[in-house]
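This report describes how some strands pair and what surrounds the ligand. Please keep the sequence and the structure in view while reading.

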Amino acid sequence: MSSTAQPYTFSQRAQKITSSTIREILKVTERPEIISFAGGLPAPQGFPVDTINAAYDRVLRENGRSALQYGPTEGYAPLRAWVANDLKRVGAAHVSPDEVLIVSGSQQALDMLGKLFIDPGSKVLVESPSYLGALQSFSLFEPRYQSVATDAGGLVPEALTDECVRDARFIYALPNFQNPTGTTLNLERRKALVARCAQAGVPIIEDDPYGDLRYAGQALPGLLGLGRAAGATVIRLGSFSKVLAPGLRLGYIVAPQPIIAKLVQIKQATDLHTATLTQMAVYEAVNGGFLETHLPTVRELYKQQCGYMLKAMEEFFPATTAWTHPEGGMFLWVTLPEHIDASELLARAIQQNVAFVPGEPFYAGDDRRINTLRLSFVTVPEDKIRQGIAILGRLINESVVG
Ligand code: PMP
């Protein structure tokens, strides 16, 4: 044992991080012959390469020296003001630029919020299932998760009983086209959620990277505006990853000023500030209203992709299998007959060159349902979607018979 001991000692926190077996399995999905519904990547055809190129070019030409200089931790002031104003679109008027903090992707926001709110053993409320990346970020701070039930209409507000909300540090909510399920919280539930959290004094973290990718149904007001009107504390996370491109690593947090002030201290210790050049270039790109012309093309693409998958599922999946019908975003969620373990199905699917993510890692509590899985539909071409879904349908049928 001692002969193999490493000459370093990881922190207990680091030692507690385990690499998931699913991640290991999914490594093979990078092979070109695999039809992968596993990835969480946006479709690269949607990246506005020319616009971004022109924006970087212009910033460097006209403002190169400030673009290459350190900047304030809070973020580039014109971009903060743009974000504050843009929130009117989701029903939050009167947000001040001081209530906006620019971050290096909303994933960084999740880490910073973990640092801000979670002590070991703190109660944290999460949807069941929830975004795996958030669970990974929060888990580093060793919370005690309390799962909140969801159904086809998203989070169930009635599940927020007195016992459930007592001493909770926050609730983490994904109201639009949730990752992983693709479900959306309806207006009544949004109102009930903010009213309940206002009454119980539980802050809401609203993570909404997909809200702008709605291709069906009616746009709904975000939790930020509804929550402010109801007296709830809402911390909203936004991202440029799905509306422009994830490689930019640019997002933002909107929160009451005292929370932003504390987060600024945390961010300063983390990375001083988000890349000045990126912030200035993205501001340059979006300031003239570019997203209004760009987003309809991304929505159209995603709508088409979602349609291809739903059509193939109708054709090839057995009646004993259920799935969500997203109104936007990139994912849908499948519930198999009770006795089918999605991890076991994945092992067989990979032998047939098809991959997806089993539902199990998206659950924080012991209410995990192993007969669930997530399918991502935006990056796979139509013929491969049909081929991949046909294979999955056959494997599910075999499990039902066998
Ligand atoms: N939240 C959710 C729900 C996500 O799906 C993602 C990306 N997969 C993120 C946050 C992180 O996004 P980013 O850091 O690129 O803004």
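Strand E10 (residues 322-323) is joined to strand E11 by two bridges, and the two run antiparallel; within this pair, Ala 322 stands opposite Thr 335 in E11. The model is a predicted one, in which local features need pLDDT of at least 70 and side-chain atom pairs count only at pLDDT 80 or more, whereas totals for chains, interfaces and linings use all residues. Residue numbers start from 1 along each chain as its sequence is written.

E11 also pairs with strand E14 (residues 372-376), in the antiparallel sense and over five bridges. In this pairing Leu 332 has Leu 375 of E14 as its bridge partner, while Trp 333 stands opposite Arg 374 in E14. These strands belong to an open sheet of four strands with antiparallel pairing, in the order E10-E11-E14-E13. E10 and strand E13 (357-358) stand at its edges, each with a single partner strand, so one side of each is left without a neighbour in the sheet. For E11 (residues 331-335), four of the five residues are buried, so this strand is largely enclosed by the rest of the structure; buried means that 20 or more other C-beta atoms, placed from the backbone, lie within 10 Å of the residue's own, whereas 12 or fewer make a residue exposed and values in between partly exposed.

Strand E9 (residues 251-254) has Gly 251 and Ile 253 pointing one way and Tyr 252 and Val 254 the other way, and all are buried.

Which residues are closest to the ligand? They are Gly 105, Ser 106, Gln 107, Ser 239 and Ser 241, among 14 residues that surround the ligand, a residue being near a molecule if its C-beta atom, placed from the backbone, lies within 6 Å of it. By class, this shell has four nonpolar, nine polar and one charged residues, where Ala, Val, Leu, Ile, Met, Phe, Trp, Tyr, Cys and Pro count as nonpolar, Asp, Glu, Lys and Arg as charged, and the others, Gly among them, as polar.

Conventions: Pairing = 2+ DSSP bridges.
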